[in-house]
Amino acid sequence: MQYMQCLVCGYIVPGESPPMRCPLCGAAEDKFRGLTLRTGDNQVMANVDWLDHLNNGVLYLAYALRAEEEGYPEIAAALYRIGRDKARHAAEWLNRRQPPGGSADNLRLLLRHEEATAANLSGLAGAARKAGDTETALFLERVAAAERRHGNVLRNLRQRLFGE
């Protein structure tokens, strides 16, 4: 079975062509790459809906945030744990299908994605602010700042561990 993976956020969709925009992060279709099950994969693994597993992991994290907002820390903690487990299982599946490159290459690729995402979100925040949607602008600015922090972490790791 063929899947498409967003290179910006990791979201996976079934099919042979990418969506116009990533449903999770909004990245353009040119930010997707194909993922194909390797020859010889056993049929049992091929029939597990890992895409659903990954997307449900994100859903659990979203519901955990809501539980936090509503003052239910015990529910939030449980949902965070389950969401992380689901994301981990999906990551292991992806690694079996198409092992990532070496760590130096992966850091380089991820840094480019963090930088591109931060720039895109900053632009969208400006557009939201111009349209008078301050709440959305503030949210996008906060997420863009987080993406820049992520980029700094990756940049520092590359420099310290690989001299890049």
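Reply: A119 is exposed, with a relative accessible area of 51%; exposed means over 50% relative accessible area, buried under 20%, and partly exposed in between (1.4 Å probe, protein chains only). This is a predicted model, in which local features need pLDDT of at least 70 and side-chain atom pairs count only at pLDDT 80 or more, while totals for chains, interfaces and linings use all residues. Residues are numbered from 1 along each chain as its sequence is written, and side-chain values use heavy atoms, with hydrogens and water left out.

Me: Where is A119 found?

Reply: A119 is found in helix α4. Helices (H or I, at least four residues) and strands (E, at least two) are DSSP runs, numbered from the N terminus.

Me: How do the axes of α4 and α5 cross?

Reply: The axes of helix α4 (residues 103-130) and helix α5 (residues 134-162) come within 8 Å and cross at roughly 160 degrees. That makes α4 roughly antiparallel to α5, a label for angles over 145 degrees, where under 35 is roughly parallel, 65 to 115 roughly perpendicular and the rest oblique. The axes are lines fitted to C-alpha atoms, for helices over the stretch in contact, and angles run from 0 to 180 degrees between N-to-C directions.

Me: Which residue classes does the contact of α4 with α5 have?

Reply: The contact of α4 with α5 has 17 nonpolar, seven polar and nine charged residues. Here Ala, Val, Leu, Ile, Met, Phe, Trp, Tyr, Cys and Pro count as nonpolar, Asp, Glu, Lys and Arg as charged, and the others, Gly among them, as polar.

Me: Now G151. Is G151 buried or exposed?

Reply: G151 is buried, at 3% relative accessible area, and its place is in helix α5. Leaving aside residues up to four places away in sequence, G151 touches L111 and E114, where contact means heavy atoms within 4.5 Å. G151 and E115 are 36 residues apart in sequence and 6.3 Å apart in space, C-alpha to C-alpha.

Me: Let us change topic to the whole chain. How do its elements run from the N terminus on?

Reply: The order is β-β-β-α-α-α-α-α, which comes to five helices and three strands. Buried residues make up 30% of the 164 residues.

Me: Which residues make up the largest nonpolar core?

Reply: The eight residues are M4, C6, V8, Y11, V13, C22, A27 and F32. A nonpolar core is a set of buried Ala, Val, Leu, Ile, Met, Phe, Trp, Tyr and Cys residues joined through side-chain atoms within 4.5 Å. Not counting residues up to four places away in sequence, C6 touches Y11, C22, C25, A27, K31 and F32. A second, separate core of five residues includes Y3, I12, W93 and L94.
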